[in-house]
There are 2 protein chains.
Amino acid sequence: MAVQERAVRTRNALIVSAAELFDRDGFEVASLSMISARAGVSSGALHFHFSSKAALADAVGQEAAQRLEMIIRQRGDGGLQVLIDATHALVRALDRDAVLRAGFGLSDRAERDQVGAGLRRVWQEWVEGVLVRAEGEGVLAGGPSVRDAVTAVVAVTAGLETLGRQDASWLSQTPLTRFWGLLLPRLAAASCLETLVASGTCTPTVTASASAP
Amino acid sequence: MAVQERAVRTRNALIVSAAELFDRDGFEVASLSMISARAGVSSGALHFHFSSKAALADAVGQEAAQRLEMIIRQRGDGGLQVLIDATHALVRALDRDAVLRAGFGLSDRAERDQVGAGLRRVWQEWVEGVLVRAEGEGVLAGGPSVRDAVTAVVAVTAGLETLGRQDASWLSQTPLTRFWGLLLPRLAAASCLETLVASGTCTPTVTASASAP
């Protein structure tokens, strides 16, 4: 393995290890020695890549932001189904991916609020953009405003994230499907309602295909 | 002041101080010396009342559970307006009351999950009870199940709590009013819909009347 490739692998292993420990134990409790041991690297190697735990937290936040971007960018551009599918993809990822969970979780610490606030802002702005376009395309029902829908979608996804920390069943497909089943008849134009699938449509991701036989 | 009364005051001051620091800095960062200093009592007095930080966290969780009970018990017994009003009261309390925020926040720590999980369970079971009764009284629309509505209400209130840690405007009246405005036409029987107020009806609390001129 080339030296540079090995360095990239070590750095990634440290980011994942830090995310898992931040997510499980909290930023304050996770120590640099626990993080390097879990990554299977020396403490010297950790210090070569990261000058402090705060630098590691920044790297976790940036990696989480990239993963959120992938969830968003994989979707098409418009329509309510794209939004439904993205919320399911986000919730699935929150269930499986400690980096994404840690990225959002770091936001609850005042000192790190720029990282987490960044993730939340990206998500909220994307949700808003999809709904504004959906309104322009005439696929929303009259009545509720885009703002009402943005508020409900952003609050519900944040709520599933929080509740999922205690009870992973909140991050299964069912609760979000219940929410969309409740919301869609209010939100979608009658002409579109029949075509929408509250439980999400199949959009294979890199992760899903990698785990296929 | 009688000795016993002073002891109760000291104990309460320590619980509030601990809650404020747990909420602001996190359980791990808040130290017993910071907690006693903020409460204006000696470290000896702290140790007289609480043997450890974990014991203080338990006391914060119990006090938060009592405050949640008050929010719930103050409401009437049935009907959707009671549920709407209770969600507004909870969100208002989360905005103002560090003890309640800390009680829910402690739940995100694995070691304390019984406390926070307890708060969340009490809230969820109460929401479910109100909706089951509402269904029995015929004030729910056909279509959505009680379970759908419980999921949406519990997820949204948890989401507002989480988002409010970064941006207090999520704990203002507006986001929750938007949610109810969106949900009610799906949830309420047509005959009841006109009488329901998405922004909540006035139910003065002890706190509110104490702050009145």
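Author: Let's start with a term we'll need: a salt bridge is a side-chain nitrogen of Lys or Arg within 4 Å of a carboxyl oxygen of Asp or Glu. Keep in mind that this is a predicted model.

Reader: Okay, so which residues here are linked in a network of salt bridges?

Author: The general idea is that side chains of opposite charge can pair when their charged atoms come close. In this structure, A:Asp23, A:Arg101, A:Arg120, A:Glu161 and A:Arg165 are joined up in one such network. Over all chains, the count comes to 22 salt bridges.

Reader: How do I read one pair, say A:Asp23 and A:Arg101?

Author: Look at the distance, then at where the partners sit. Their N and O atoms are 2.8 Å apart. A:Asp23 belongs to helix H1 (residues 3–25) of chain A and A:Arg101 to helix H6 (residues 98–106) of chain A, so the pair links distant parts of the chain, 78 residues apart.

Reader: Are A:Asp23 and A:Arg101 buried or partly exposed?

Author: One of each! With a relative accessible area of 21%, A:Asp23 is partly exposed, while A:Arg101, at 19%, is buried.

Reader: What does A:Arg165 do with A:Asp23?

Author: Their side chains meet in a salt bridge too, at 3.4 Å from N to O. A:Arg165 lies in the loop between H8 and H9 of chain A, and A:Asp23 in helix H1, so this pair ties together parts that are 142 residues apart in sequence. A:Arg165 is partly exposed, with a relative accessible area of 28%.

Reader: And how many residues apart are B:Arg73 and B:Glu69?

Author: They are 4 residues apart in helix H4 (residues 53–73) of chain B, which means about one helical turn separates them. B:Arg73 is exposed at 56% relative accessible area, whereas B:Glu69 is partly exposed at 27%.

Reader: Let's zoom out. How many helices and strands are there in chain A?

Author: Chain A has 11 helices and 0 strands. Of its 213 residues, 49% count as buried.

Reader: Which residues have the most contacts inside the largest nonpolar core?

Author: First the general idea: in soluble globular proteins, nonpolar side chains tend to be buried together. Here the largest nonpolar core has 140 residues, and those with the most contacts inside it are A:Phe22, A:Leu131, A:Trp180, B:Phe22, B:Leu131 and B:Trp180. Leaving aside neighbours within four places in sequence, A:Phe22 is in contact with residues including A:Phe27, A:Ile35, A:Leu56 and A:Leu106.

Reader: How are chain A and chain B related?

Author: Chain A can be laid on chain B by a turn of 180° and a shift of 0.0 Å along the axis, with an RMSD of 0.0 Å. The two copies are therefore related as by a two-fold rotation axis. In chain A, A:Gly159 comes closest to that axis, with its C-alpha at 1.7 Å.

Reader: How much area do chain A and chain B bury between them?

Author: The size of an interface is often given as the accessible area lost when the parts come together. For this pair of chains that is about 3,000 Å², 68% of it on carbon and sulfur atoms. A:Gln166, A:Arg178 and A:Leu182 supply 24% of the area that chain A buries against chain B, more than any other three residues.

Reader: How many salt bridges cross that interface?

Author: There are 2 between chain A and chain B. B:Arg178 forms a salt bridge with A:Asp148, the closest N and O atoms being 2.8 Å apart.

Definitions and conventions. Residues numbered from 1 in each chain as written. Chains lettered and ligands numbered in written order. Predicted model: local features only at pLDDT ≥ 70, side-chain atom pairs only at ≥ 80, totals over all residues. Heavy atoms only, no water. Least-squares fit on C-alpha atoms with pLDDT ≥ 70 in both. Core = buried A, V, L, I, M, F, W, Y, C linked by side-chain atoms within 4.5 Å. Buried < 20%, exposed > 50% of the residue type's maximum accessible area, 1.4 Å probe, protein only. Contact = heavy atoms within 4.5 Å. Buried area = accessible area lost by both parts, 1.4 Å probe. Helix = DSSP H or I, 4+ residues; strand = E, 2+ residues; numbered from the N terminus.
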